[in-house]
Amino acid sequence: MIAQEKFVIKGKNTEKMESISRPSLSFWQDAWRRLRKNRAAFIGLCILTLYVILAIFAPILSKYSYTAMDAHAMNARPSLAHWLGTDSTGRDQWVRVWMGARVSLSIGLLAAVINMCVGAVIGGLCGFYGGKLDMIVMRIVDILYGIPSLIITILVMMVLGKGIGPLVVAMCVVGWIGTCRFVRGEVYRLKEQEFVMAAKVLGVSDFVIIIRHIIPNIVGMLVTNLCMAIPGAIFQEAFLSYIGLGIAPPNCSWGVLAKEGIAYLRIHPHEIFWPAFFICTTMLALNLLGDGLRDALDPKLRGTE
């Protein structure tokens, strides 16, 4: 019995030593480890990476131009010469799809990043300092939140005109509101925590508290929110381009391709199928990745796996 008890104690000590000897992981290393274990999120990341690579290199490596027309190959079905077929003017759909991906992905990412930065700054200041600043800004946010964002975006586009620049500006006029509200709430909660109160007692400046204590605690949620906001921005760009208020020819986006292909839905369905397919799969991949990031960046789950 004594020998058996010693063996059990020795086994427990060995397990403890093994757990102690494991290499320590930083927050981002641990998040990446858990993200890789999430199959759905990792598949979404692979799809997005593939689309970005194709958007960069496919138009460069193709022998066709996205504006070149071929009168002898109008409305051609997918073949070895034209992998995704051609449109009503004989332009190669493979090149146009990935040129459109450049525009759609760039606008979606740019608008989402600007909205995140603006919303985080405004919401962070309101949550940290409060007072009259918080009251005034939140009343403005409440007013803007009560107006459908699509109506404001369309009105801004009608004033500024078509193009990538006006489209990004229109999408950023009210796109920061959601980020502002949730960042304000998180900062308001964090500033009442013990570590922030201790820093204030020690005389640490507000700027250092925000940089060293507040931002690291909300950066994970900001990254997740950014990943969730990109699909909405892509869909909004596609919708505005579909109704004729987005990208102006000869530039193309997935929304422009969908608008051009819908006219030939019954006789040449491949012209609408490809842009619709890539819009749907991109949104699915971003949502899967966003769900995975939300779990991977959750501090409560760190060390539980």
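Arg 33 and Asp 30 sit three residues apart in helix α2, so about one helical turn separates them. They form a salt bridge, with the closest N and O atoms 2.7 Å apart. A salt bridge here is a side-chain nitrogen of Lys or Arg within 4 Å of a carboxyl oxygen of Asp or Glu. Helices (H or I, at least four residues) and strands (E, at least two) are DSSP runs, numbered from the N terminus.

This is a predicted model: local features need pLDDT of at least 70, side-chain atom pairs count only at pLDDT 80 or more, and totals for chains, interfaces and linings use all residues. Residues are numbered from 1 along each chain as its sequence is written, and side-chain values use heavy atoms, with hydrogens and water left out.

**Salt bridges**

- By this rule, the count is 11 salt bridges.
- Arg 33 and Asp 30 are both buried. Buried means under 20% relative accessible area, exposed means over 50%, and partly exposed is in between (1.4 Å probe, protein chains only).
- Asp 30 also meets Arg 34 in a salt bridge, at 3.0 Å from N to O.
- Asp 30 and Arg 34 are four residues apart in helix α2, so about one helical turn lies between them.
- Asp 30 counts as buried because its relative accessibility is 5%. Arg 34 is buried too, with a relative accessible area of 6%.
- The side chains of Asp 134 and Arg 184 form another salt bridge, at 2.6 Å from N to O.
- Asp 134 counts as buried at 13% relative accessibility. Arg 184 is partly exposed, with a relative accessible area of 25%.
- A network of salt bridges links Asp 87, Arg 91, Arg 96 and Glu 260.

**Overall fold**

- The chain has 12 helices and zero strands.
- Of its 305 residues, 41% count as buried.
- Contact means heavy atoms within 4.5 Å. Among contacts in the chain with a separation of 6 or more, 71% are between residues 24 or more positions apart.
- The accessible surface of the chain is about 17400 Å², and 68% of it belongs to carbon and sulfur atoms. Accessible areas come from the Shrake-Rupley method with a 1.4 Å probe; for residues, only the protein chains shown count as cover.

**Nonpolar cores**

- A nonpolar core is a set of buried Ala, Val, Leu, Ile, Met, Phe, Trp, Tyr and Cys residues joined through side-chain atoms within 4.5 Å.
- The largest nonpolar core has 46 residues. Val 97, Trp 98, Trp 254 and Phe 278 have the most contacts inside it.
- At least two residues of this core come from each of α2 (27-37), α3 (39-61), α4 (93-129), α8 (177-190), α9 (194-201), α10, α11 (254-262) and α12 (270-296).
- Helix α4 gives the most to this core, with 11 residues.
- Leaving aside neighbours within four places in sequence, Phe 278 is in contact with Tyr 51, Leu 84, Val 97, Trp 98 and Trp 254.
- A second, separate core has 24 residues, including Cys 126, Met 157, Leu 167 and Val 174.

**Cysteines**

- The whole structure holds zero disulfides. A disulfide is a pair of cysteine sulfur atoms within 2.5 Å.
- For Cys 126, the closest cysteine sulfur is that of Cys 180, at 5.5 Å, which is too far for a bond. Cys 126 is buried, with a relative accessible area of 2%.
- For Cys 172, the closest cysteine sulfur is in Cys 117, at 10.0 Å, again too far for a bond. Cys 172 is buried, with a relative accessible area of 14%.

**Nonpolar surface patch**

- Leu 150, Phe 235, Phe 239, Tyr 242, Ile 243, Ile 262 and Leu 265 form a nonpolar patch on the surface. Together they have about 590 Å² of accessible area.
- Patches are made of residues with over 30% relative accessible area and no salt bridge; like charges are joined within 9 Å, and nonpolar side chains (Val, Leu, Ile, Met, Phe, Trp, Tyr) within 5 Å.
- Helix α10 (residues 206-242) supplies the largest share of the patch, three residues.
- Leu 150 lies in helix α6 (residues 149-160). Leu 150 counts as partly exposed because its relative accessibility is 34%.
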